[in-house]
Amino acid sequence: MKVEVYEALNDNYNLANYDDAVKNHNWEDIEKNFSWSETGKINMAYECIDRHVDNGKGDKIALHYKDQNRQDSYSFKDMQIASNKAANVLKNKANVKKGDRVFVFMPRTPELYFSLLGTLKIGAIVGPLFEAFMEKAVKDRLENSEAKVIITTNDLVGRIPKDELPNLEHIVVVDDEVSDEYIDFNKEFEKADEKFDIEWLDKEDGLILHYTSGSTGQPKGVLHVQEAMVVHYISGKYVLDFKEDDVYWCTADPGWVTGTSYGIFSPWLNGVTNCIVGGRFSPEGWYEFIQTYGVTIWYTAPTALRMLMGAGDDVVSKYDLSSLRHVLSVGEPLNPEVIKWAHKVFNHRVHDTWWMTETGGHMIVNYPSMDIRAGSMGKPLPGIEAAIVDDQGKELPPNRMGNLALKKGWPSMMRTVWNNQPKYESYFINDEWYVSGDSAYKDEDGYYWFQGRVDDVIMTAGERVGPFEVESKLVEHPAVAEAGVIGKPDPVRGEIIKAFIALREGYEESDELKEEIRKFVKEGLAGHAAPREIDFKDKLPKTRSGKIMRRVLKAWELDLPAGDLSTLED
Ligand code: WT7
């Protein structure tokens, strides 16, 4: 397949020379950016907020917040006071102590961020929950983590089965009218002291617990520790290219790791102005936000970009997006077609980044100073040793598909799976390689190419086919909005390729269209990669971070149970 290359535009980036940075890398040098490298006293909330106030940046805007009903901006000083007050409420009214698990289960409002930072100031471990979770998903997570406190709203509080959760001592509600059974956040916040003595921690103390679903079993509680900030900080500098005057917008919800590592920690560790947009997605709303606030760095996801693409080019032309200087994506394969479209309409290269909940931060990325090979995830973060290994942990040569693995021991690596150490250990081969569960290959120049989850790779008539390649091709067809591809067992070919397709507005399902799409892949990619079967669907099953859930497609097809669906969108 021909690879489109998008050249780097200038060398005025924080990481101008990748090869030198890799050669000279040393984690201890990066730690020297923080006073804890000398004092040994660490607290993420201090490093994100208070440190900037202490360094004379108290008046700088830390947060621009906007939703349908509310629009506010907060300086670092404002954030310091608000997080102190929240910490006092949680400590004095809800008895939160160092090491306790405190969950935030609410829409993206400033109070979510105040209470998350307040929790961290007490030295407690924060567990963010996505607001779309229903009772079962909430219960599984609070139960597994033995959570002590949850902060929520009147709309969501009914989904917390308190009677079945013996460890849950308090429910804090952020709302106008709060029932006496709960702690009234706004009322207590109003009265709370503006000063708070931060709990100083060790760099291996707990920071955040993110639950993530595997293909089997219960969701896993991935624990990250304070030291993760080293990766959050340096990837912010190198990959997001944070500079003093940037206005940064990460579109992810903090219920997912992107919304915390890169929606909270990374920008604020770098002292950058951060943006949070609450409420629902709308193309006009998004473009207008960029225009109004002069967003310079925009971190989003392929699904969002595909939705914007679906909304059409005309919408883009109504807005002035000239403030943008750097655009990035994460969470699922970034189709070359999307890069091409974004390049045309925004005049920006979209920089793909690869990582996962377990890695805590960026691992393989497209640096701004690097040429982009459309379809490639880029190269490892300096200090990260990546490789393609076989199932025994032996490194494979270039262009061979295998397990994408990372050499154990970077600062933001998960430290355990909560209450499930065997699961944690099962991620590693020979106690040396962390195995991601993704398959990929590395080309001669060291660029990594995503192929699929290990269990999604299709073997058809002796040929290995990565579903992503087929899906990318399918979405290039003008009728196709989204596509998910699976291997369907076949007595002759081992597996055949089956595609599930959601059509764009204005296209009708028909056998002719199926045939045309099949031919399009056959001619555009490879005969053996063309789906032998196609089903049209109104909508494809996706996680909130936008990944098409192929295992759900597979379950539809084979009439199997679909497994844990708690991360399914809607
Ligand atoms: C899985 C991790 C951490 C961001 C949110 C997702 C897939 C992630 C990419 C990418 C292709 C990607 C992988 C990975 N993924 N980024 N740039 N290209 N696939 O975090 O929910 O923990 O999922 O998302 O399959 O293993 P997550």
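This is a predicted model: local features need pLDDT of at least 70, side-chain atom pairs count only at pLDDT 80 or more; totals for chains, interfaces and linings use all residues.

Q: Which residues of H17 and H18 make the contact?

A: H17 contributes Val-470, Lys-473, Leu-474 and Glu-476, while H18 contributes Ile-517, Val-521 and Gly-524.

Q: How do the residues of that contact divide into nonpolar, polar and charged?

A: Four are nonpolar, one is polar and two are charged.

Q: And what is the angle between H17 and H18?

A: The two helices pack at about 120°, and their axes lie 9 Å apart. H17 covers residues 467–476, and H18 covers residues 511–524. Because of that angle, H17 counts as oblique to H18.

Q: Why give both an angle and a distance?

A: Because two packed helices are described by the angle between their axes together with the distance between those axes.

Q: Turning to the whole chain, how many helices and strands are there?

A: The protein chain has 19 helices and 29 strands.

Q: Why is it called as compact as a globular protein of that length?

A: The radius of gyration is 23 Å, close to the 25 Å that the globule rule gives for 570 residues, so the chain is as compact as a globular protein of that length.

Q: What box do the C-alpha atoms fill?

A: Along the principal axes, they fill roughly 70 × 55 × 55 Å.

Q: What share of the residues is buried?

A: Of the 570 residues, 50% count as buried.

Q: What about contacts between residues 24 or more positions apart?

A: Such pairs account for 67% of the contacts in the protein chain with a separation of 6 or more.

Key. Residues are numbered from 1 along each chain as its sequence is written. Helices (H or I, at least four residues) and strands (E, at least two) are DSSP runs, numbered from the N terminus. The radius of gyration is taken over C-alpha atoms; the globule rule is 2.2 Å times the number of residues to the power 0.38. A residue is buried if 20 or more other C-beta atoms lie within 10 Å of its own, exposed if 12 or fewer, and partly exposed in between; C-beta atoms are placed from the backbone. Two residues are in contact if their C-beta atoms, placed from the backbone, lie within 7 Å. Axes are lines fitted to C-alpha atoms, for helices over the stretch in contact, and angles run from 0 to 180 degrees between N-to-C directions. Angles under 35 degrees count as roughly parallel, over 145 as roughly antiparallel, 65 to 115 as roughly perpendicular and the rest as oblique. Ala, Val, Leu, Ile, Met, Phe, Trp, Tyr, Cys and Pro count as nonpolar, Asp, Glu, Lys and Arg as charged, and the others, Gly among them, as polar.
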